[in-house]
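Got the viewer open and a selection tool handy? Let's take a walk through this one, stop by stop.

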Amino acid sequence: MRFALNDRTVETDNPPGMPALDFLRRDRGLTGVKYACREGDCGSCAVLVGRRLADRVHYQVVTSCLLPLGALAGRHVVTVEGLNRRRLNPIQQAFVDRGASQCGFCTPGFIVSLAGHLLETERWDVHDAVEAVAGNICRCTGYASIVRSIDQMLVSLSQRVDPLEPRIDALVRESILPDYFLQVADLLPDPEPLEPGRPAPPQIIVSGGTDLYVQRPHDLEDGPVFIVPGPAAAAIWRDGDAVYLAATATAEDMKRSEVLAGTVGGIDRAMELMGSLPIRNRATIAGNLVNASPIGDMTITLLALGAEVGLFNGSGHRVVPLDEFFLGYKNLDLRPAELVEWVRFIPPGEGAKFNFEKVSKRTHLDIASVNSAISVKLTGGRLTGVRISAGGVAPIPMKLAQTMAVLEGKEPSADTARAAAETARSEISPISDVRGSAEYKRLLLGQLVLAHFQVLFEIGADQFAKART
């Protein structure tokens with residue numbers, strides 16, 4: 001396997017399931033990539049992965065602790081060492097000027113994430129840049145100095161660089177990137193052709209790997225793996241009346257999709273709440289579904305859209321409604337040799353409203369205690385085509401059928417919302433666990449149902465209070 005690593009092309013025969021973090025530190029001595037959480041949570045092992053698309057190389061920031069080495073064939077991998085110059089680059093200098101680095105352990109990850117943001121952003125915006133480092137944790141600074149350093153860097157950059165000019169050329173000129181980036185296309189080896197065939201036992205199927213590498217790291221590092229390649233064409237597309245999402249479409253694909261934005265408003269916010277950018281860049285739809293977590297954010301979103309799952313076993317296809325795909329806890333309607341090929345749904349149409357809500361210990365980057373999504377239309381002042389889902393309240397992701405029946409045909413009022421919340425609380429079967437007691441989860445789901453109405457129909461707290469009395 002060959003790929004570009006910083007300013008040179010490298011070759012390795014290490015196992016494809018080996019975490020890229022281990023290869024970079026152990027085999028290549030690149031210690032700017034840090035060992036820390038090994039769960040994709042802290043960002044200290046962040047690297048950039050570049051892929052040749054159309055006219056240039058496009059980069060994504062990912063956590064190398066959850067990145068299979070085999071996914072790097074034909075790509076450009078950039079560590080903080082690959083960003084260093086004889087003098088500090090402007091990102092690093094801003095961190096020094098504003099005291100944004102104290103113990104320094106997390107700093108390389110911040111520098112890499114910000115470089116990735118500058119490579120791909122369409123505008124110089126502090127909020128966007130801070131969002132780009134949401135997957136990087138610092139235990140020393142309290143983040144205020146980091147935000148000030150980002151602001152300093154962007155103010156300086158915005159005065160000298162037009163966001164529309166060729167980005168790599170501009171960043172090399174401003175000494176943010178080393179000169180070798182100008183010839184990076186020459187470093188990239190031609191992608192090796194994928195071997196035909198399908199995974200077979202005992203191979204472990206790896207798509208994004210963001211959950212598997214947390215659950216089964218040693219099995220993946222040492223055992224046989226089958227790494228599913230990303231989509232060769234568009235990850236999300238419209239075909240007739242339906243919207244299709246490739247099995248390997250990522251959460252970030254969903255967040256940025258113009259197709260989804262044009263058919264289901266609010267998907268971008270749902271995906272932003274799912275996780276940080278490095279996780280969204282790797283986490284796939286198929287992985288989220290077949291992981292069969294009762295609180296998968298992508299699953300709950302797609303349930304509220306009435307999605308179907310397309311399955312393929314190598315010779316024949318089968319389509320299963322998503323609300324029938326989950327048979328029990330971690331038990332799926334997935335037959336031997338079947339793989340998820342795509343997910344599709346029929347857009348709810350003009351005037352439809354969508355909302356996603358989630359309660360977790362952190363607003364971002366955390367697994368939900370309870371989450372919920374709703375899709376609904378307002379026809380003649382009444383609710384129609386209602387679909388509402390909930391996670392964390394049963395052994396499987398739930399379609400709230402009884403709650404849907406209560407809402408269908410009703411006016412969107414505080415009384416209607418409260419009736420729906422009571423029904424939702426009664427039709428679930430939560431358990432007490434580390435994320436909360438069963439009673440607490442019932443309370444949460446009721447509050448999320450009210451939140452849907454507050455967001456979609458601007459029903460205020462005072463109206464809910466009157467409805468209670």
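Start by selecting Phe453 and Phe457: both are buried. Keep in mind as you look around that this is a predicted model. Colour helix H19, residues 438-457, and you'll find Phe453 and Phe457 both sitting in it, 4 residues apart, or about one turn of the helix.

How many aromatic pairs does the structure hold? There are 8 of them. Phe453 and Phe457 make a tilted pair, because their ring centres are 5.5 Å apart and their planes meet at 45°, which falls between the 30 degrees under which rings count as stacked and the 60 over which they count as edge-to-face.

Next, jump to Tyr180 and Phe181. This aromatic pair is tilted too, with 4.8 Å from centre to centre and 35° between the planes. Are these two buried or exposed? Both Tyr180 and Phe181 are buried.

Time for the nonpolar interior. In soluble globular proteins, nonpolar side chains tend to be buried together. Here the largest nonpolar core has 67 residues. To find your way around in it, show Leu245, Met254, Ile285, Leu322 and Phe325, the residues with the most contacts inside that core. Which helix gives the most to this core? Pick helix H12, residues 267-274, which contributes 5 residues.

Zoom in on Leu322 and bring up its surroundings. Leaving aside residues up to four places away in sequence, Leu322 touches Leu289, Thr299, Leu302, Leu303, Ala307, Glu308 and Val309. Then hop over to a second, separate core: this one has 43 residues, including Phe110, Val184, Leu187 and Leu277.

Last stop, the sheet. Switch to cartoon view and look for 5 strands forming an open sheet, in the order S2-S1-S5-S3-S4, with mixed pairing. At the edges are strand S2 (8-11) and strand S4 (56-63), each pairing on one side only. Looking across the sheet, neighbouring strands are turned by 30° against each other on average, if you ignore direction.

In which sense do S1 and S5 pair, parallel or antiparallel? They run in the parallel sense, paired over 2 bridges. For a closer look at the pairing, select Leu5 and then Val77, its bridge partner in S5.

Notes
Residues numbered from 1 in each chain as written. Predicted model: local features only at pLDDT ≥ 70, side-chain atom pairs only at ≥ 80, totals over all residues. Heavy atoms only, no water. Phe/Tyr/Trp six-rings, centres within 6.5 Å; stacked < 30°, edge-to-face > 60°. Buried < 20%, exposed > 50% of the residue type's maximum accessible area, 1.4 Å probe, protein only. Core = buried A, V, L, I, M, F, W, Y, C linked by side-chain atoms within 4.5 Å. Contact = heavy atoms within 4.5 Å. Pairing = 2+ DSSP bridges. Axes fitted to C-alpha atoms, helices over the stretch in contact; angles between N-to-C directions.
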